[in-house]
Amino acid sequence: ISLATQEKFGIRYDPLNCSIAIPIRSPTGDLIGSKLRRNYKVSADESKYIYDIPCPASQTLFGYFQNYDALYGNDIIIGEAEKFVMQCDSYGYRNAVALASSNLSITQCKLILSLNPNSVTFMMDVGLNPETLLRNMELLKSYSSMLCIEIRYWNGNNFGDKESPIDRGKDEFEKALLDWSDMSVLCKRLNSKGNM
């Protein structure tokens, strides 16, 4: 993640907790919480990420405030984590937001649609339960039924479990942007293979 991107998103280092601090902002830019990424090895039962200032993450989209002008009326890319948005920004892609989880909330759905997108591509980490992905897509579709928006998802072909489409660098990410399918393909996969 470039220094310019870190500055843009207000990334700081917290020496007391030996962690990287990620400010969480509301859609209007108000600071509503803070997430820490521990900068040391954690045990298997510990999370690398914790909220030192808890916030209703489902009531915002990470990157919505900072990237608003590049998101409005554009093709929108949705990832799971804050790191996804910041890596996209470092590669010159400012049309990305993150859910800060794997589940799309109704508020987040409405925020996405308020951006008047041309298309929405879910680029969630490999290994996400396909039923969760389908639920996210169906929720967005139900709120956008009167709009002409293409809703699709990244296939994750040739990527390993838990890998994000942004993890392998800019060239591989740009290839991943072309590797998508629509909801009907996901439905067929689920119907033919059951619980993947």
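Me: Is Phe159 buried or exposed?
Reply: Buried. This is a predicted model, and in it Phe159 has 13% relative accessibility. Buried means under 20% here, so Phe159 falls on the buried side.

Me: What lies over the face of Phe159?
Reply: Arg168 does. The distance to the ring centre is 4.1 Å.

Me: Where else does an arginine lie over the face of a ring?
Reply: Look at Trp180. Arg152 lies over its face, 4.1 Å from the ring centre.

Me: OK, ring against ring now. How many aromatic pairs are there in the whole structure?
Reply: A search of the whole structure gives six. One of them joins Trp154 and Phe159. Their ring centres are 5.0 Å apart, and the planes meet at 85°.

Me: Why is that pair called edge-to-face?
Reply: Because of the angle between the planes. Anything over 60 degrees counts as edge-to-face, and this pair has 85°.

Me: And Trp154, buried or exposed?
Reply: Trp154 is buried, because its relative accessibility is 5%.

Me: Which residues form an aromatic cluster?
Reply: Three tyrosines form one: Tyr64, Tyr68 and Tyr72.

Me: Is Cys109 buried or exposed?
Reply: Cys109 is buried, with a relative accessible area of 0%. Cys88 also counts as buried, at 0% relative accessibility.

Me: Let's do sheets. What is the strand order in the sheet of four strands?
Reply: The order is 1-2-3-4. The sheet is open, and its pairing is antiparallel.

Me: Which strands are at the edges?
Reply: Strand 1, residues 12-14, and strand 4, residues 49-53. Each of them pairs on one side only.

Me: What is the average twist there?
Reply: It averages 40° from one strand to the next.

Me: How do strand 1 and strand 2 connect, and with how many bridges?
Reply: Three bridges join them, and they run antiparallel. In one of the pairings, Tyr13 has Ile20 of strand 2 as its bridge partner. The two strands make a hairpin with four residues between them. Within that hairpin, Cys18 takes a positive phi near 50°.

Me: How many bridges join strand 2 to strand 3?
Reply: Seven. Strand 2 covers residues 19-25, strand 3 covers residues 31-38, and they run antiparallel.

Me: Which residues stand opposite Ile22 and Pro23?
Reply: Ile22 faces Lys35 in strand 3. Pro23 stands opposite Ser34, also in strand 3.

Me: What about the turn between those two strands? What is its length, and which residue has a positive phi?
Reply: Five residues lie between strand 2 and strand 3, which form a hairpin. Gly29 in the turn has a positive phi of about 100°.

Me: How many residues of strand 2 are buried?
Reply: Five of its seven. So strand 2 is largely enclosed by the rest of the structure.

Me: Where is Ile11?
Reply: Ile11 sits in the loop between helix 1 (3-8) and strand 1. At 12% relative accessibility, Ile11 counts as buried.

Me: What is Ile11 in contact with, beyond its neighbours within four places in sequence?
Reply: Gln6, Ile20, Ala21, Ile22, Pro23 and Met86. Pro23 is 12 residues from Ile11 in sequence, yet the two are 6.8 Å apart in space, C-alpha to C-alpha.

Me: And the sheet of five strands? What are its order and pairing?
Reply: The order is 6-5-7-8-9, and the pairing is mixed. This sheet is open. Its edges are strand 6 (96-98) and strand 9 (180-182). Each has a single partner strand, so one side of each lacks a neighbour in the sheet. The twist averages 30° from one strand to the next.

Me: Do strand 5 and strand 7 run parallel or antiparallel?
Reply: Parallel. Four bridges join strand 5, residues 75-79, to strand 7, residues 119-122. Ile77 stands opposite Thr121 in strand 7.

Terms used
Residues numbered from 1 in each chain as written. Predicted model: local features only at pLDDT ≥ 70, side-chain atom pairs only at ≥ 80, totals over all residues. Heavy atoms only, no water. Phe/Tyr/Trp six-rings, centres within 6.5 Å; stacked < 30°, edge-to-face > 60°. Buried < 20%, exposed > 50% of the residue type's maximum accessible area, 1.4 Å probe, protein only. Lys NZ or Arg CZ within 6 Å of the ring centre and 35° of its normal. Pairing = 2+ DSSP bridges. Axes fitted to C-alpha atoms, helices over the stretch in contact; angles between N-to-C directions. Contact = heavy atoms within 4.5 Å.
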